[in-house]
Amino acid sequence: MSKVHLQILNIFLLLYGGSLYGQADSTGIPESKVWKHTSLQAFYQKGYVFATNDFIKGINVESARINGFQTFSLKLSTRSDGQKLWEQLYKYPEWGIGIYMADFFNPEEIGRPLALYGFFNAPLIRRQRLLLNYELGFGATFNWKSFNPVTNQYNIAIGAGESFIIDAGLNLDYQLTGRTDIIAGFSLTHFSNGALKKPNFGINTVAPKIGLKYNFYRPIKFIARDVPEFDPHNELIISGFGGVKNLIFDSVNIDIIEKYEGAFFPVFGISAGYNRQVSYKSKIGIGMTLSFDGSTNARAAVENNEIDPVDTPFPDKIQLSIYPSYELTINRLSLVLQPAFYLYRKKFSNQSPAFHQRIGLKYQLTDKVFAGIILRDYAFHVSDHLEWTLGYRIITK
């Protein structure tokens, strides 16, 4: 077992090892508060890799299309019982943490990545023994054989040994016995480092999955209450963000390793928006972003075999964009979806498209202050940069 495997396992045990203690019932199963609604799940997937870049299409050592992969995963989850109103509104969802290992049948160039991620699994339809769920997951992935201009020159999909994982899918959960479920479904998965290190064309997959779930609890008595009529309200939000972008200058004549380290440029800006919360779960709105992208029209000189970025005019790097916004709110956490369009930016060759996308997570630290992470991408699969966000909101009727 590699050091990375051990680190992932240690984190997993650290987070959940304390829950292994508690008084046992007649079956010998711990029934402490921590274990009250906890389940252990195991899954297998085998699926398809989308041909979104040349490396996947077959420009690799094997000169073969990379079109398949398989995964094994373990998840530890807890099921809500309705103690809070939002749990009832989401039909008593479950959430937890998982570890995930993928095999793309090309370990020499891709490796066997490992992921540690959090997930949220909520019913669309609930019947006595059957659930139709949707699931969202987000986390960090390690153990990639990333791009290297000497030893791994074809892998333009993954530019660093670490990346993010974004996962979404549907599943059917059928209760076989009082404590055992069988689960079948599918998921779409995206791997990317958010352009923190290039090349970074990412890997996108889709796969069916099959799994077993063991519940460390007896059937739950769900709490149901009358749901108060929702009172719609508005919010004005303003936020600041910052991040970095990696840029590689192919034309510079320096050591090849140094060349593909590239240079890093700051990205920062402010966003302002107006949202209306139309239900307990949904917000819709509109917003604008004024940003500075240090990589725009970037140039470089070479000094002592190192890349030295050359200053270019500040106004060349200013961008203004507009976007409609949708937020799926889950208690204090929100999933943010914002298709966006540049209203203003100076034109240069080889620019990304004017239409781009912003997707991310936002968490309310207090009723007024929030923090988040937003991925700005284009063509629905190519990362542009990550925005680390801190903001403030004013609620109005």
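Student: How much space lies in the largest cavity?
Tutor: We are looking at a predicted model, in which local features need pLDDT of at least 70, side-chain atom pairs count only at pLDDT 80 or more, and totals for chains, interfaces and linings use all residues. Residues are numbered from 1 along each chain as its sequence is written, and side-chain values use heavy atoms, leaving out hydrogens and water. A cavity is a set of points, on a 1 Å grid over the protein atoms alone, where a 1.4 Å probe fits but cannot get out, and its volume is the space filled by probe spheres set on the points, which are joined across faces, edges and corners. For the largest cavity, that space is about 180 Å³.

Student: Which residues are closest to its centre?
Tutor: Lining residues have an atom within 4 Å of a grid point. The largest cavity has 17 of them, and the closest to its centre are Ser239, Gln338, Lys362, Phe370 and Thr389.

Student: Which strand gives the most to the lining of the largest cavity?
Tutor: Strands are DSSP runs (E, at least two residues), as helices are (H or I, at least four), numbered from the N terminus. Among the elements that each supply at least two lining residues are β9 (233–247), β10 (263–277) and β14 (318–330). The top contributor, with four residues, is β17.

Student: Nice! What is the volume of the second largest cavity, and which element has the largest share of its lining?
Tutor: The second largest cavity has a volume of about 130 Å³. Its 13 lining residues include Gln45, Tyr100 and Tyr117, which are among the closest to its centre. Three lining residues, the largest share, come from β5.

Student: How many bridges join β2 to β3?
Tutor: Two strands pair if DSSP finds at least two bridges between them. β3 pairs with β4 in the antiparallel sense over eight bridges, and Glu94 stands opposite Asn121 in β4. β2 and β3 run antiparallel, and the number of bridges joining them is 10.

Student: Is Ser251 buried or exposed?
Tutor: Ser251 is found in the loop between β9 and α4 (256–261). Buried means under 20% relative accessible area, exposed over 50%, and partly exposed in between (1.4 Å probe, protein chains only). Because its relative accessibility is 71%, Ser251 counts as exposed.

Student: And what is the volume of the largest pocket?
Tutor: Unlike a cavity, a pocket is an open set with protein on both sides within 12 Å along at least five of seven lines. The volume of the largest one is about 1100 Å³.

Student: Which element gives the most to the lining of the second largest pocket?
Tutor: About 900 Å³ of space lies in this pocket. Its lining has 29 residues, and Lys198, Lys245, Leu247, Asn350 and Tyr378 lie nearest its centre. β9, β15 and β18 (382–396) give two or more residues to the lining. With three residues, the one that gives the most is β18.
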